[in-house]
Amino acid sequence: MWRNFSFFLATSLTLNAAQVDIYATNAKKEGDKLIANQDVVIFSDFYFITANKAIYNEKTSEVELFGDVNILRGQNERSHSNYARIKLDTNEANFEKFFFANNDLEVWFKSDKSCLDDKSFKATLSSVSSCNVESPDWEIKFSEGRLDRETNFVHLYNARLYVKDVPVFYMPYFGFSTDTQRRTGLLVPKFSIKGDEGFFYEQPIYFTMQENWDLQFNPQIRTHRGYGLYSTLRFIDSASSMGEWNFGVFRENTDYFKDENLENQTHVGAELKYLRTDLIKSLLGDNFQEGLWVDATYLNDVDYLNLGRRDYKDVNSLITSKINYFLADENNFYGAYGKYYIDTSKTHNKDTLQEYPSFQYHRFLNSLLDERIRYSFDVSFNNYYRRVGPYANNLNLSLPLSYHNAFFDNFLHFAFTERLDASFVNYSNDPQKEHEHFYRNTHEFDFYTDLSKAYDSFFHTLNLGVSYILPGGKSGGISEDYLNLEKIDEKLSPYLVQYFYNENGEKKLKNRIDVSYLSRRDEFEESKNLITYYYNENISLNNEVIYSHLDRHFSNILSQIELGLNPQFNWEFSHAYQNDEYGKYSFIGTRANYYLNANYNFFGGIWLDTQRAHANMWELGYTYQRKCWNYSLMYKERIDPKLTSAGISARNQSGFYLVFNFYPLGGVGYDFALQDDENKI
């Protein structure tokens with residue numbers, strides 16, 4: 001019955017509950033085999049296949065394909081080969097001159113001979129890349145390879161990395177993931193060469209055993225300096241909590257330790273970050289909120305940070321650990337806090353003042369007898385401690401009672417607040433005093449109004465007000481400055497707050513001005529001005545200035561600018577300045593990017609400590625970007641502090657850095673320190 005046809009022939013066969021349809025221009029039947037020639041098209045539950053010739057065995061459910069073989073398997077896999085043999089019932093297949101790609105993967109494969117099934121894909125004399133197939137910028141050629149189709153992890157043996165047609169790197173074994181799923185394995189290593197430290201090599205090792213935690217080890221060696229191990233444990237221990245635990249240790253070689261006159265031969269540290277939003281609130285009811293936040297750091301000197309976190313910048317010598325907890329409902333707030341400071345600018349921490357524990361209770365604003373009469377209450381306890389020097393604990397209480405009313409159809413608002421405050425201090429290790437107390441009450445008057453008006457192209461709101469504080473009676477006094485008790489003088493404080501919105505209701509400008517005038521002293525105390533301008537989602541400017549008339553200088557300045565003038569250029573600038581009773585510092589940071597075209601990005605940045613008159617870090621360079629790879633060449637200088645037996649020194653390191661990234665494999669980098677200077681801080 002079977003003969004050659006000059007028109008399309010369709011035959012439908014049912015095999016193992018799977019439908020197979022074969023279409024061809026010419027077809028014939030020889031026993032259990034169906035031989036199809038010219039314009040062959042095959043459909044099944046999993047495959048769409050085209051070829052020049054096909055031989056289908058009804059008995060074994062095996063099809064052989066010849067010529068220009070194109071295969072779509074499922075919705076994601078596609079391949080091309082000169083020859084293929086596929087068992088349609090088990091999905092096992094063998095290929096020659098094979099190309100393979102998957103929409104879920106970022107890479108493609110080419111091979112002389114390959115075989116695949118539902119669990120794996122194996123190939124010999126092959127290459128892999130994520131670049132253009134016709135002329136890839138890079139590819140890895142290998143003698144044997146395997147793709148685990150369940151985990152999407154690739155194993156390559158005798159791998160050679162080619163850039164264009166030039167071999168640049170050989171690896172007896174290389175493995176990488178082709179997706180973003182977490183799995184155990186080696187991460188991209190880091191290595192560099194520095195004159196005083198020798199060859200640096202760090203090999204991250206990543207472990208993931210369960211969905212709710214993973215572990216990473218970062219062993220490192222610096223051939224002239226020493227060796228160390230840093231580790232990170234990330235975990236989710238409940239539906240309402242997560243955390244991260246870091247531990248590190250580095251051991252200096254004896255010669256390096258002595259030559260550099262370091263304070264510690266072993267640098268050790270630990271860090272814990274933990275957040276939990278439900279400890280007991282689920283037992284109390286839905287109207288409660290709760291939070292526990294731990295951000296704790298222990299280290300014996302600053303080199304623990306310099307040797308571990310490569311992006312660490314010395315912006316503050318004081319390392320602060322915090323433990324904060326609160327529980328609140330609609331009326332009450334309960335808090336417990338602790339702060340521990342490590343001053344890395346000192347060889348010891350005995351005289352550093354610590355703050356733990358601290359407790360707080362706050363009663364939110366509630367009405368009393370009448371909605372116009374309201375009160376709140378706040379009490380806090382703070383314990384200050386240090387091993388060397390005087391320390392104290394203090395108890396603070398505050399009870400404000402306020403009256404509010406509105407006049408002239410809500411045009412003018414008036415509020416009067418009577419505030420009672422008390423503080424009690426108990427000193428330790430201070431021969432001059434044991435106890436101090438302080439009582440006071442203040443009277444505060446507020447007049448304010450809210451105005452708004454719509455214009456043709458914008459909407460304007462204006463809040464004008466004036467506050468007058470009149471001190472009442474007081475007794476006692478607190479002498480220690482570190483207790484930070486607020487001083488109250490007779491004060492007149494006018495203020496202005498205004499917003500501008502465009503015709504679409506988008507906020508464009510915010511401005512607040514505050515001025516405080518000390519009536520009895522007949523002089524201004526300070527002036528504040530905050531202005532924020534929103535041009536669009538890519539451009540914003542913010543500036544906050546506080547000027548102290550008493551000290552005749554600016555006490556705080558904070559400026560931030562973000563400019564994305566066009567898709568090619570963006571610039572960020574920030575400046576922070578402080579000069580008050582808590583200290584003096586000034587930092588400037590800026591970074592710019594210019595995208596010349598789709599391939600080139602030029603960048604530069606500087607982070608400057610103007611108080612110490614040095615740059616913490618600056619860099620200048622460019623990135624060349626292709627779809628499947630990029631490289632960055634930059635010159636960078638950075639200053640890392642280190643603790644010596646004579647005190648803190650600053651090490652200035654400068655050099656060129658060259659970094660390659662091959663997507664999605666990762667990258668390699670090389671840096672060479674041109675200069676390594678040291679200065680005392």
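Which residues does I71 touch, not counting residues up to four places away in sequence?

## Contacts of I71

With residues up to four places away in sequence left out, I71 touches Y47, F48, I49, L65, E77, R78, S79, A84, I86 and F95, where contact means heavy atoms within 4.5 Å. This is a predicted model, in which local features need pLDDT of at least 70 and side-chain atom pairs count only at pLDDT 80 or more, while totals for chains, interfaces and linings use all residues. Residues are numbered from 1 along each chain as its sequence is written, and side-chain values use heavy atoms, with hydrogens and water left out.

## Nonpolar cores

I71 is also among the residues with the most contacts inside the largest nonpolar core, which has 48 residues; the others named there are I42, L65, I86, F109 and L156. The largest share of this core, five residues, comes from strand β5 (residues 47–57), strands being DSSP runs of E with at least two residues, numbered from the N terminus. A second, separate core of eight residues includes Y230, F250, I319 and I342.

A nonpolar core is here a set of buried Ala, Val, Leu, Ile, Met, Phe, Trp, Tyr and Cys residues joined through side-chain atoms within 4.5 Å. Buried means under 20% relative accessible area, exposed over 50%, and partly exposed in between, with a 1.4 Å probe and protein chains only. In soluble globular proteins, nonpolar side chains tend to be buried together.

## Backbone features

A cis peptide bond, with omega of about -10 degrees, joins Y356 and P357, and P357 lies in strand β25 (residues 354–368).

Positive phi values occur at two aspartates placed in loops. D409, which is not a glycine, has a phi of about 60 degrees and sits in the loop between β27 (391–407) and β28 (412–428); because its relative accessibility is 75%, D409 counts as exposed. For D522, likewise a residue other than glycine, phi is positive and near 55 degrees, and the residue belongs to the loop between β32 (507–518) and β33 (523–536). D522 is exposed, with a relative accessible area of 56%.

## Surroundings of G175

G175 is found in strand β13 (residues 166–177) and is partly exposed, its relative accessible area being 22%. When residues up to four places away in sequence are not counted, G175 touches F153 and V154. G175 and G185, 10 residues apart in sequence, are separated in space by 8.5 Å from C-alpha to C-alpha.

Technical notes. Helices (H or I, at least four residues) and strands (E, at least two) are DSSP runs, numbered from the N terminus.
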